[in-house]
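Welcome! Take a moment to turn the model around on your screen before reading on. This report walks through it step by step.

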Amino acid sequence: MDCWNKEIAGNGLDKIMRKLFRVKHALKAFHRAEVGDVRKDYKEAKETFCNIQEEAANFPNDVFIQQSVKEKQRLFLIAKVRMSLSIRQQSKVNWVKFSDENSSYFHAIMRKRRLENRITTFMKGDVIIDDYEKVVNHFIKHFENFMGSKSSAISIIDEESVKHGNCLNLEQQAKLQHAARGDKFSAKKCYNSLVGETHFAYANAIWDTLVLPKHRFIFWQIANSHLLTRDYLHHIMVTPNNLCPVCEVEVETHDHIFFNCYYTSQVFEAVNRWLGDFHWPRSTVEMLQFCSNATKDLTQRILNAVMAAVVSLGCCWFSGAAAVSTPISNPDLDLDLSLRPRTQTRN
């Protein structure tokens with residue numbers, strides 16, 4: 001009670017949470033001092049009981065050892081009960097903590113419940129029948145007795161009326177059959193065949209395995225113009241302005257950020273000096289044309305990966321994180337440090 005009654009800063013639920021946190025540590029200390037390590041005690045009691053049983057088997061005429069067996073058995077059973085109570089309590093704590101999350105603990109509990117609730121036998125008079133097929137047939141007949149073996153909804157369907165309604169044509173039927181493979185039906189394949197799947201020529205280059213996963217995601221957003229640039233935000237919410245927060249000259253668009261900004265061109269020049277003679281795209285359209293024409297040649301794939309890395313890192317840099325948190329150490333870029341306060345508005 002001293003931990004609970006002790007004054008602590010805070011108000012409302014925050015104060016109660018802090019008090020409970022203190023009580024938690026006090027209860028842990030009490031448990032270690034009074035109860036001890038239940039798992040360790042159970043393991044030691046079990047080992048001692050097994051050892052004394054072996055000695056009793058080797059010396060069956062020793063009265064003292066036989067009495068010790070009963071005493072060690074009593075201690076082992078007590079430790080076993082305490083261990084069982086501890087495991088049950090921990091199981092409740094784990095269920096409160098993890099609940100029905102998609103975790104290995106949840107699936108283990110579900111498997112255990114399925115095994116416990118599974119019906120594997122039934123009694124016929126005084127005989128227990130555990131044959132699998134007989135158990136299945138017994139329950140099928142049980143439900144057929146009061147539910148019937150045929151649906152009443154089928155008998156009231158007029159097949160002639162169905163034929164006069166909208167039916168699938170031969171092409172649609174062929175596509176529907178194409179979506180089935182053996183006894184399995186693919187809803188995804190059926191939907192794509194009926195609606196029409198759109199193929200993008202630049203998709204293979206963007207999702208190339210040489211491109212890092214985080215670069216692929218940003219690269220795909222740039223290709224589809226899905227980034228929240230200021231020219232887009234200016235139409236859906238109130239913004240101070242729609243100018244580029246770095247150069248503050250032109251409107252911030254996808255093409256401006258990654259291709260036309262003055263500072264972006266300096267980055268391209270610096271990378272070009274390292275990469276060699278490479279024609280950088282000047283717009284999103286040119287970038288998509290490059291990705292569409294990219295072959296499986298290793299050189300083309302490397303150039304594609306470098307371009308994805310540059311535009312992805314440029315996206316992060318323009319967001320202000322890199323410019324505000326870390327100094328610019330590349331002298332080739334020759335960027336003014338006064339750029340930092342400008343990019344703070346981007347954070």
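How many helices and strands are there in the chain? There are 19 helices and four strands. Please keep in mind that this is a predicted model. The chain has 347 residues, and 25% of them count as buried. If you take the contacts between residues at least 6 apart in sequence, 45% join residues at least 24 apart.

**The main core**

Let us start with the largest nonpolar core, which has 28 residues. Phe219, Ile222, Phe258, Trp280, Met287 and Met307 touch the most other members. Which elements give two or more residues to this core? They are α11 (203–206), α12 (213–223), α14 (254–260), α15 (262–275), α16 (284–293) and α17 (298–318). The most comes from α17, with eight residues. Apart from this core lies another one, of eleven residues, including Ile52, Ala56, Ile65 and Ala79.

To see how one member is surrounded, look at methionine 287. Leaving out residues up to four places away in sequence, methionine 287 touches Phe219, Ile222, Ala223, Phe259, Pro281 and Met307. Some of these names return in α12, where His215, Arg216, Ile218, Phe219, Ile222 and Ala223 are buried. An α-helix has 3.6 residues a turn, so residues three or four places apart point the same way. After α12 comes serine 225, which has a positive phi, near 55°.

**A histidine in α14**

Helix α14 also holds histidine 256. Is histidine 256 buried or exposed? Its relative accessible area is 3%, and buried means under 20%, so histidine 256 is buried. Not counting residues up to four places away in sequence, histidine 256 touches Cys244, Cys247, Glu250, Val251, Cys261 and Thr264.

**Aromatic pairs**

Now for the rings. A pair of aromatic rings is described by the distance of the centres and the angle of the planes. A search of the whole structure finds six aromatic pairs, and two of them are set out here.

| Aromatic pair | Centre to centre | Between the planes | Kind |
|---|---|---|---|
| Phenylalanine 49 and phenylalanine 76 | 5.4 Å | 10° | stacked |
| Phenylalanine 200 and tyrosine 202 | 5.5 Å | 45° | tilted |

What about phenylalanine 200 and tyrosine 202? Phenylalanine 200 has a relative accessible area of 40%, so this residue counts as partly exposed. Tyrosine 202, with a relative accessible area of 10%, is buried. Together with Trp207 and Trp220, Phe200 and Tyr202 form one aromatic cluster.

**A pocket to explore**

Rolling a probe the size of a water molecule over the atoms shows where empty space is left. The second largest pocket has a volume of about 330 Å³. Which residues line the second largest pocket? They are His31, Gly36, Asp37, Val38, Arg39, Ser86, Gln89, Gln90 and Val93. By class, two of the lining residues are nonpolar, five are polar and two are charged.

Helices α3 (38–58) and α4 (63–98) each supply at least two residues of this lining. Of the elements, α4 gives the most to the lining, with four residues.

Technical notes: Residues numbered from 1 in each chain as written. Predicted model: local features only at pLDDT ≥ 70, side-chain atom pairs only at ≥ 80, totals over all residues. Heavy atoms only, no water. 1 Å grid on protein atoms, 1.4 Å probe; cavity = no way out; pocket = protein on both sides within 12 Å on 5 of 7 lines; lining within 4 Å. Points joined across faces, edges and corners; volume = space filled by probe spheres on them. Nonpolar A, V, L, I, M, F, W, Y, C, P; charged D, E, K, R; others polar. Phe/Tyr/Trp six-rings, centres within 6.5 Å; stacked < 30°, edge-to-face > 60°. Buried < 20%, exposed > 50% of the residue type's maximum accessible area, 1.4 Å probe, protein only. Core = buried A, V, L, I, M, F, W, Y, C linked by side-chain atoms within 4.5 Å. Contact = heavy atoms within 4.5 Å.
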